[in-house]
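Work through the exercises below with the sequence and the model open beside you. Try each task before reading its solution.

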Amino acid sequence: MFKKLLRKDFVLCVALGANVNNADEWLKYAEKQMRGDRSRAEMVMTIQTPNWTRTLEIESDVEGKKQALSTIKSPAKERGIRTLRIENNMWNYFPKLKRKVAVSSSMLLASWMGSDFTNDDILKASSMAEDYHHKFSSDEKVGGETYKVIENTAKTNSKVMWPKIMTYASKKDCLPRIYKYYDKEGKLRRTLTFSDIKTFDGHKVPTHWEMVPEDDKSKKTVVDYKDIDFNVKFKPSHFSQKSLTDN
Amino acid sequence: MRLALCLFILLIGARVHAEIETDFSGNVEGQFRHSQNNEEAKEDLFQDWDTENFRMLYGNINGKVEFGDSRIEANWFSRYSQSPLFDPGPTIFGERDPYLATRIFTFPNKLVARDIFKLQHKKQEDEYQFESVLNKLYYEWDYEGHRFMFGRMYVNYGLGEIFNPINPFNQPTALTSVSQVAQGNDGFSFTFFVDDKHTIQFLLLGDKRIEGYDGQIDKTLWAHGEYLVSDDLQLDYVIGEDQERHKLGGQVSYQLEDALVFTQVLYQSENVKDEPSDHLWDILVGYDRQMTAKWHIRFEGGYQKADSFLNAENLERFLPTEYFVALANVYEIHPLVKLNGTVINDIKSGFSYLITKATYNFYSNMEVEVFGYAPVSKGDDPENIAQKLVTTDVGLAIRAFF
């Protein structure tokens, strides 16, 4: 049964465009599966260190690469805070004070709410498929599984945080299991691992993400997707100033 | 007041046609501050105290009811303050008002621009002061590309944190130790979302007055627009009549590759009722950048012309002064700990003011803050009362959010 499933997944991902000899197709397929054209996701983020744990609940709406709106659902201190991104422009909205603040695009590299994720990660500002060149590296075996390894290097005109990202994709379903992020000096800065793949509206998505910074491996940030709706229909004005300020 | 309530009830009745959603939130904070007086305040302004303690307990309760495209939202702010500084003791000339430092410690102490609807209570007795105010209570209705608001509302826009001249409806709170506080303004607001790039807000509000003013209400007619000129460039414009002056100005903000730069200019005419006054100009330039994932900086510099016909006690601004530069740094040394340091310098007099804060989040909804305020270099402007009054303070605050 398991073998049949594996075979079915593999055939499916190849059939959908993840040509086994084309790294671009692998990344496009993965992004299509995980991002879709638009989505509404409910997730729980847990920031963990040896001494404490902090949990946030977030709703994240994304349409294409250019529009995103995230809302913090809990805890109480941050509840209702929204972030809207339209192309390069980003605004934070603090509903208790009715205050909207334009945010510098440099804030995309800022830590999001003290987590190991950045604003860029949460708002999905960059696209692995569109903003990077891709090429295969040698396959690597990690934890008993051999992965297809893809080296992603930032295109010269793309506004991305990480000049190089290594993708470790499963040969079973073509989806990534590990991202390794490198800085300008070529130093590994953080590692994101994916697991617990579930299907939402026909999209296969890893629902358990763990981000570990290389400079302090005793801490990590875990994101668990509770639900993702890929069939959501947003109003034309959903990613707008009006929508940002209506809570 | 009754009229306002009846109108609210009618509006609610007219709009109830969908599922009702409610939300309640708020915060409570206890604060202790140890303060040392400025020598010049003792000598020149009869503020004859050396060191003193100040305690404050305040809270906000925010309630929201949403039904369909309508919303009613309210915020109740209460503050209880205690310090011997509220009770200076009599002189041979009689009772004295509380020492002026109490006004700085309770800044912002004016949480409603003009209390047209009479929704605040303030009592000061011996060493105690109690304030209770409904500083937000409005009805809002969204209709397609429009938003209508009526009641007591917050009006918050503009990028300036130290100085924000294009927005006369809220005082910048960079100098205050209180959180989640904004000033309410009574009146109407109509917002027209023209398209994805252009929004215009029209405001008809009351005026702003120092406490205890029951005279004629001068209207505030105001328009604020935001226009996204390009992917990187946003233009804000303001035009209207406020505080008996015609005002015209705007803000330009531009996204550089790794920073946000912005500038504001505001022109204010002479008094429209021909009372003696000057033309005024306010200018601000700012730079905001996330240096690393943990370190954020902001620079603001500006000029605000003071009206030579106003005596100092009627000036609405505490700091900054005529010419100023300010640099703010926020550094996250730990996911739960943020350090915040701001220094403001009055270029003309050389006066510098330092604000430091260390905030530690513990549990999910509580934080503790250690703060300090200090004039780090004295100014040489003998006329500037605000600079003479500034105290040196250290304090501790504990906040809970619900």
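The model is predicted, so local features need a pLDDT of at least 70 and side-chain atom pairs count only at pLDDT 80 or more, while totals for chains, interfaces and linings use all residues. Residues are numbered from 1 along each chain as its sequence is written, chains are lettered from A and ligands numbered from 1 in the order in which they are written, and side-chain values use heavy atoms, with hydrogens and water left out.

**Exercise 1. Confidence in chain A**

Task: find which elements of chain A have the lowest and the highest mean pLDDT.

Solution. 
Step 1. pLDDT is the predictor's confidence in each residue, from 0 to 100. Chain A averages 85, and 90% of its residues score at least 70.
Step 2. Helices (H or I, at least four residues) and strands (E, at least two) are DSSP runs, numbered from the N terminus. Chain A has 5 helices and 14 strands.
Step 3. Where pLDDT is low, the predicted coordinates should not be read in detail.

**Exercise 2. A helix in chain A**

Solution. 
Step 1. Now look at burial: buried means under 20% relative accessible area, exposed over 50%, and partly exposed in between (1.4 Å probe, protein chains only). The buried residues of H2(A) include A:Trp26, A:Leu27, A:Tyr29 and A:Met34.
Step 2. Just after H2(A), A:Gly36 has a positive phi of about 65°.
Step 3. For the whole chain, 58% of the 247 residues in chain A are buried.

**Exercise 3. The interface of chains A and B**

Task: describe the interface by its contacts, its area and its salt bridges.

Solution. 
Step 1. Count the contacting residues: 34 in chain A and 54 in chain B.
Step 2. Buried area is the accessible area (1.4 Å probe) that two parts lose on being put together, summed over both. Here the value is about 3700 Å², and carbon and sulfur atoms give 48% of that area.
Step 3. On the chain A side, A:Lys77, A:Lys98 and A:Lys242 lose the most area to chain B, together 18% of what that side buries.
Step 4. A salt bridge is a side-chain nitrogen of Lys or Arg within 4 Å of a carboxyl oxygen of Asp or Glu. The rule finds 5 across this interface.
Step 5. A:Lys100 forms a salt bridge with B:Glu226, with the closest N and O atoms 2.5 Å apart.
Step 6. A:Lys242 also belongs to a salt-bridge network with B:Glu66, B:Arg71, B:Glu140, B:Asp142 and B:Arg147.
Step 7. B:Gln255 lies in strand E11 (residues 245–255) of chain B and is buried, at 7% relative accessible area. Among its contacts beyond four places in sequence are A:Asn88, A:Val103 and B:Leu260.

**Exercise 4. Salt bridges inside chain B**

Solution. 
Step 1. Over all chains the count is 43 salt bridges.
Step 2. B:Lys136 and B:Glu73 meet at 2.9 Å, N to O. B:Lys136 is in strand E5 (residues 128–143) of chain B and B:Glu73 in strand E3 (residues 70–82) of chain B, so the pair ties together parts 63 residues apart in sequence. Both residues are buried.
Step 3. B:Glu241 and B:Lys219 meet at 3.9 Å, N to O. B:Glu241 is in strand E10 (residues 233–242) of chain B, and B:Lys219 is in the loop between strand E8 (198–205) and strand E9 (220–228) of chain B. B:Glu241 is buried at 18%, whereas B:Lys219 is partly exposed at 44%.
Step 4. B:Glu322 and B:Lys348 have their closest N and O atoms 3.0 Å apart. B:Glu322 is partly exposed at 26%, and B:Lys348 is exposed at 56%.

Key: Contact means heavy atoms within 4.5 Å.
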